[in-house]
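Try each task before you read its solution.

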Amino acid sequence: MNPAWYLRRLRRMEPSELAGRVNDQLLRLLWRITPPDIARHAAAGLAPGPRQPRLKPLRSPADAPRQAAERVIRSADQILAGHWRIFAGDHGALGERPDWFVDIRSGKRAPADIYAFAVPYRDEAAVGNIKYIWEPSRHHHLTVLAAAYYLTSDERYARRVAEHLTSWWRENPFPRGPHWISGIELGVRLISWTWIRQLMQNWPGAAALFEDNELFLTQLYAHQYWLSQFPSRGSSANNHIIAEAAGQFVAACAFPFFRDSAQWRQQSAGTLAHEAVAQTLACGSNAELATDYHGFVLELLLAAAVQGEASGHPLDDAVWTTMCRMNDVIAAMLDDRAHPPRQGDGDDGIGLLLDDHAGNRWLGLLATGARLFGDLPWWPTLPEPDLRTFVLTDGIKARAIAARPQRRPHLLDEAGQTFLVDAGKAVWCRCDHGPHGFGRIAAHAHADALSLECRIGGVDILADPGTYCYHGDPRWRAYFRSTLAHNTLCLFGRDQSTSGGPFLWTRHAPSRLIAASGLDDREADANWVAEHAGYQDEAGLVHRRAVQLQRQAARLVVTDIVLGGEGLAAPARLSWHLGPDVECKLEGHTAQLAWPGGRGELDLPDALDWMSYRGDETMPAGWYSPSFDLKLPATTLIGSGTLAAGQSLVTELRWFSDPARRS
């Protein structure tokens, strides 16, 4: 990062955060000069008496959901064969002799033998893509192998787990190499290790691998000691601090082997109780307003809460209430194929993986919520439970949480999400009038005020293109976060909010809801009107958008207008991003659309000149990212022109249940 970025970042910090970061830098410098003798500290810190892990009892695997068990075993067999998907690629370096430092995409290796905080992990040219290096060391593939051992008692799975853990522990001494840089990685890793031990509690070699193993004890102590010294602070205390605290709490509950274990457990429990509330809006949505992180945080909280119950150290009731509200929000925002919105950043992060990688995490979370809190009549129908739900919830007392919504909420007010739906025709439309993001830097936000997504039969018609990347390619990072990369209006050729870096926004576009009606699916029309002032600096301009779902007419009408700035003509570009399954033929100001099971027309404002882009690397435009580090060509329609204050742009999407029908 250049000096200008550091200055912008410093300006977003409170004095207390600055003081904490200065302390962190001093401690890092001290460790670099005189690294702690962590093996000696771990041995000296052991509590007297026998080391007995406090494991969650598990039911007989014979009672496990059959289909979920079969999928886990197939996935574990693929891992034994050397195949494990990391983002967009198959990680071919996780066989019998794993390489924990390679970026499989570029082939570059991060240095394993230098001081952790000296690793230039943001420099992809030097070390490769750090996400590809970190992800395998979250050890999700080992929790899947451990789950397969629990289901089958097949020694092959247990032996591979032992080989990989021993390899990792030996090759990653504290505090050297890339795996001691980020606290979120340590926290998730501790959760994985805990569940590996629990799932393999009947394996004869489990104690020798874990509690009777000096190598493990040293690593366990080092992870918890690191987390106690370098918590995420202030403006960076988003999902990272929850992952850190969850890992610390889970490990301290399951492995209370050290004199500091009780203190670590109590401190992390307090952090979880505070952050669960602070990072959850009143409606139940995660405050980062990035859908993937809603699921990630809920998985972390569930792992911690269940471990606390199993060990006799329950978390605060506020955590349980928060988890219930987060589950209800998931049920409210899914489309008819159980897919959530694609709002904000997403990096496919998982808190605890015990199932086939390709499963639907959202239905799994709802299944867990149904066991712990009870489902509601308006929730979607749930399939057979996943394995994670089965092992997490067994033996955990269900809780009755008050004030849950008795009908499906279509307006999540504090999150600024309004859903216009026609359940009978499987039409789902999300409109965004929410805050820009969480906290002073809104790290995982996109410049997407007033954007919308529309799906018909679960197919992305008007789509959010997604995230694609974090580190490594600033141009693509900037594009996928930009206003132009969302279904909204871009003025003056700039984003509504101002980016100060890949995870930093220095100015946030304020949005507000003006009106919403007809949301409960019983009226002919559903309406939403909102505005944002992201262009307020340009002669006081305000972008207002109205969206109407005409249920009987099978059409969606979007009206954009710029208010204020009398006499000003603003350069404008209006984007409509189509999903990858939508075929498009643009003829003047009308686009003929076709997708699996349906057809439609998109009438575009004739005040703009329209161009179609598909997989354009130069613009860039015409891309859709279904998962992290993967982008697919898709059609983007961009209308360009000059927009006068008070001038309306009307876009109309029509769809036909019979492909041959036209209105």
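Two strands pair if DSSP finds at least two bridges between them, where strands (E, at least two residues) and helices (H or I, at least four) are DSSP runs numbered from the N terminus. This is a predicted model, in which local features need pLDDT of at least 70 and side-chain atom pairs count only at pLDDT 80 or more, while totals for chains, interfaces and linings use all residues. Residues are numbered from 1 along each chain as its sequence is written, and side-chain values use heavy atoms, with hydrogens and water left out.

**Exercise 1. Strand pairing**

Find how strand 15 and strand 22 pair, and over how many bridges.

Solution. Start with strand 22, residues 635–644: with strand 15 the pairing is antiparallel and runs over nine bridges. As a check, look across from P571, where you will find T642 of strand 22. Next, turn to strand 19 (residues 609–614), which pairs with strand 22 over six bridges, again in the antiparallel sense. Here W610 has G639 as its bridge partner in strand 22.

**Exercise 2. An open sheet**

Work out which strands stand at the edges of the open sheet, and why one side of each is left without a neighbour.

Solution. First write down the order, 3-4-5-6-7: five strands, with antiparallel pairing. Strand 3 (411–412) and strand 7 (459–462) each have a single partner strand, so they stand at the edges and one side of each has no neighbour in the sheet. Q417 is found opposite D432 of strand 5.

**Exercise 3. Aromatic pairs**

Classify the ring pair of F117 and F230.

Solution. Begin with the rule: rings of Phe, Tyr and Trp (its six-membered ring) pair if their centres lie within 6.5 Å, and planes under 30 degrees apart count as stacked, over 60 as edge-to-face and the rest as tilted. That rule gives 36 aromatic pairs. For F117 and F230 the centres are 5.5 Å apart and the planes stand at 65°, so this pair is edge-to-face. F117 sits in the loop between strand 2 (89–90) and helix 5 (124–127), and F230 in the loop between helix 11 (214–229) and helix 12 (239–254), so the pair ties together parts 113 residues apart in sequence. F230 is buried, at a relative accessible area of 4%; buried means under 20%, exposed over 50% and partly exposed in between (1.4 Å probe, protein chains only). Finally, widen the view: ring pairs link a cluster that includes F117, F230, W31, Y115 and W264.

**Exercise 4. Cores and a loop glycine**

Identify the residues with the most contacts inside the largest nonpolar core.

Solution. A nonpolar core is a set of buried Ala, Val, Leu, Ile, Met, Phe, Trp, Tyr and Cys residues joined through side-chain atoms within 4.5 Å. The largest has 142 residues, and those with the most contacts inside it are L165, I196, F216, L272, L301, M323 and L387. Apart from that core lies another of 44 residues, among them I461, C490, L556 and W655.

For contrast, go to G564, in the loop between strand 14 (555–563) and strand 15 (569–577). G564 is partly exposed, with a relative accessible area of 34%. Not counting residues up to four places away in sequence, G564 touches A539, G540, L541 and A645, contact meaning heavy atoms within 4.5 Å.
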